[in-house]
Amino acid sequence: MSSSLHPSLNYNAPGSPENTAGYNSEEIDAVKYAGSTCPSNSEFDGSLKCEEKELDVAGDKDDREPEDSPFEVVRTAVSNTDVPSMPSMTFRTHVLGVFFVCLISFVNQFYWERDNPIALNLLIVQLLCYPMGVAMAWALPKRTWNFFGYKWTMNPGEFTVKEHVLISLMSNASAFMALTVDIFAVLRLYYNPSFPLWAALLLLLSGQLFAYALAGLSRTLLVLPAPMIWPSSLINASLFRTFHEHQEHNIETVQEEAVSNVIGASHTRQRWQWRWRRRSLSGMTRTRFFWICFVCSFVWYFIPGYFVQLLSTVSILCLVAPNNHLANMLGDGKQGLGILSFSLDWSVFSNAFLQSPIATPFWAACNLFLGFVLVFWIALPVAYFNNLWDSATLPLYSLDVFTTNGTKYNITRVMRDGVFNPQAYNHYSPLRMSLEFSWVYGIGFAALMSILVHIGLYNGKEIISRLRETKAKHDDIHGKLIMSYPSVKAWWYLVLLIASSATGIAVGVGAQIGVPWWGYMLSFAIAIVLVIPVGIIQAISNRQPGLSLVAELLSGVVLQGIPTGYSILKLYGHGSLAQALSYAQDMKLAHYMKIPPRHVLIYQLVGIVISVIIQTSLFFWLIDRIPNMCRPEGYPWVCRSTNLVYSASIIWNLIGPLRVFGEGSPYSPLLWGFLFGLVLPIPIYFLQRRFPNQTWLQHVYIPVILSGIVGLPPMPPVDFPMWFLFGFIFNFVIHRYWHAWWQKYNFTLSAGLDSGLALSGILQFLALAQNGLKLDWWGNRVDRQCTLSSKPWIAPG
């Protein structure tokens, strides 16, 4: 699944979903889906009452162990058996799949443009889908209908794991598409106000279908080989098995043994903890706990979302010294450093930039927060108040671009007929950025190189050995089991690839975006060339190099002077490549769970089409309905990510990297970030080898530390400490001292809070804001809390 913003954070670490369900895959493997002896025409009721037999893949009938994956990490998370007769594409999957893809698409796009965006992801669908599927299996009639010879039923029996996976894969096709919609938002808002909805729909659809076709064509190298593990898929596979392996008495036994083996705990403490845990585990089901969290979150969000919006970010320093410039800059949680700021708004804790704090292991959260503190709270104020690069004449924290006199950059002053004019640029002004904005690029350069070096040092031998094993271990047990289902023909993907790319060129040229045809071809080429090497790295190491910077650098060099070129390179060169890897990861999950490939194809394509229509149409509708959309006056619809894309299009394509970062520019030292990122992981690597017993040192990850600051901007500064605080409470304190509670309710808590907030915000918008029911009082005047924070420390001369 696409990630999260940091795909390496959830794999094989304390606090990850894999560990939550790990005991099921190792200790409680009683439900073995083997080759069934059920008659092919018998109705599968989910109970496996008919006689089953283990599949002897070797063709022998001796007493040898059943064949399994050659990789231990796969063996512990994925079953090596299958029931081909188990239903997957059913009436329930149709209904729930369409429901969740509509829900995820609408909610994610609706909140993406707000000041504190949230994002519903695969975990939400996994948690919500299961009780709904079970309820449908209980309530729907089991009658079989005959429709012109085709027999079908609403209820084939118990809700199966294959249905659960297929619904999740369909909804996940839309989980991160809001990032791509920003591209067309910039075209509509800043470059071409008459840019039509139909063009945006067709271009986005062509980009997503191009990505899916690219993933399908790459499946023989990225999905089918056993060495292409895709560790994040193992986490999801483990969680799916947790839902569908009903051996609660064995689970209880494992938990009792785990508690008795706690190191350093006294017998009294063990007995007290276990007694408390048993009561908490038996006292409330996950479903009931979810609805309690949902209702509380739904009701509470009316307070910071409507009645007292000031509670979304409370800046103590600004309240204590409202007229002190320094206090405003240090304390503002929106445009300052966010020191001593806090929030009572769950959308700040669980935001779309960092994802839920509960879903991130504590060791990873520590790395991210360390990077934030070192750069944002220590280095940045020191450099800013010493006026590095004349930065003190600009705001401390802003995602806008400026002239040398501190005014916002007016792109019409340097453009002629929609393209860059060097003479006008020389007469107007060089481009300037806030210090934090410029540092994000320098740290981004370092992060890009550091992850490549990190992968080489820590995973290089593994990648090489896996590549050598690809042919020898192509047909592991999972590959052999999936061969029992009809495969998707390669030429299907090829036709889709050609049709989607041709549509993109035709629509782009017809809509007069301003990019020549060869610019589209370059974008396609970037994705096609990089998908295999980048996919192999991610499939093995669970880390994805910074693809965005690669596309931005190439677009800035090749299409310099054409600001709309940024949109096309981001759509196809970066967006399609990232989405292709996400789809490939989903295909691997379906491979592990033995989902028929053609069912996966149908559901993912339907999910893509529905999500494109909903998200693009919704954004254009919001633009037409909300005054001052994507401007400070339109709070909370400030469109942080969209405005960042707009500024980036000016930096990389209108002005170009050679002028912004080249010789003579104050930002040229940022290019040293490439060398810095190349060198920094090396001493950490050798220190970890020299002191293997230093536990804290083994959890230091330079790419994660550097990536923690890359999201600032557009992320509000207050989000980071609030996110870390909540992660510390639940993934360290509760995980350590009340582990049984954490194990049962932790992820359900996150899902309930996210879902309740999402529905509450939509209801407030439709029922209150759209009818003009707004409360204008001090508690809702969020722009008056820190009135001096956006002003430069030194007045521009």
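The side chains of Arg 188 and Asp 624 form a salt bridge, with N and O 3.0 Å apart. A salt bridge here is a side-chain nitrogen of Lys or Arg within 4 Å of a carboxyl oxygen of Asp or Glu. This pair links distant parts of the chain: Arg 188 lies in helix H7 (residues 178–191) and Asp 624 in helix H26 (residues 597–625), 436 residues apart. Helices (H or I, at least four residues) are DSSP runs, numbered from the N terminus. Arg 188 is buried, at 15% relative accessible area. Asp 624 is exposed, at 56%. Buried means under 20% relative accessible area, exposed over 50%, and partly exposed in between (1.4 Å probe, protein chains only).

The model is predicted: local features need pLDDT of at least 70, side-chain atom pairs count only at pLDDT 80 or more, and totals for chains, interfaces and linings use all residues. Residues are numbered from 1 along each chain as its sequence is written, and side-chain values use heavy atoms, with hydrogens and water left out.

By the salt-bridge rule, the count comes to 7. One of them joins Glu 163 and Arg 92, at 2.7 Å from N to O. Glu 163 belongs to helix H6 (residues 161–172) and Arg 92 to helix H4 (residues 91–112), so the bridge ties together parts that are 71 residues apart in sequence. Both Glu 163 and Arg 92 are buried.

Another salt bridge pairs Arg 640 with Asp 115, whose closest N and O atoms are 2.8 Å apart. Arg 640 sits in helix H27 (residues 640–655), while Asp 115 is in the loop between H4 and helix H5 (122–139); the two are 525 residues apart. Asp 115 is buried at 3% relative accessibility. Arg 640 is buried too, with a relative accessible area of 11%.

Helix H6 is largely enclosed by the rest of the structure, because 12 of its 12 residues are buried. Among these buried residues are Val 161, Lys 162, Glu 163 and His 164. The cover over the buried residues of H6 includes H4, H5, helix H10 (231–244), helix H25 (565–592) and H26. The length of H6 also fits expectation. At 1.5 Å a residue, its 12 residues should span 16 Å, and its end C-alpha atoms are 16 Å apart. The expected span is 1.5 Å times one less than the number of residues.

H6 packs against H26 at an angle of about 35°, with the axes 7 Å apart. Axes are lines fitted to C-alpha atoms, for helices over the stretch in contact, and angles run from 0 to 180 degrees between N-to-C directions. The contact (heavy atoms within 4.5 Å) is made by Leu 166, Leu 169 and Met 170 of H6, and by residues of H26 including His 599, Val 600 and Tyr 603. By class, the contact of H6 with H26 has 7 nonpolar, 3 polar and no charged residues. Ala, Val, Leu, Ile, Met, Phe, Trp, Tyr, Cys and Pro count as nonpolar, Asp, Glu, Lys and Arg as charged, and the others, Gly among them, as polar.

H4 and H5 pack at an angle of about 145°, and their axes are 11 Å apart. On the H4 side, the contact residues include Phe 91, Arg 92 and Val 95; on the H5 side they include Val 125, Leu 128 and Cys 129. The contact of H4 with H5 has 12 nonpolar, 1 polar and 1 charged residues.
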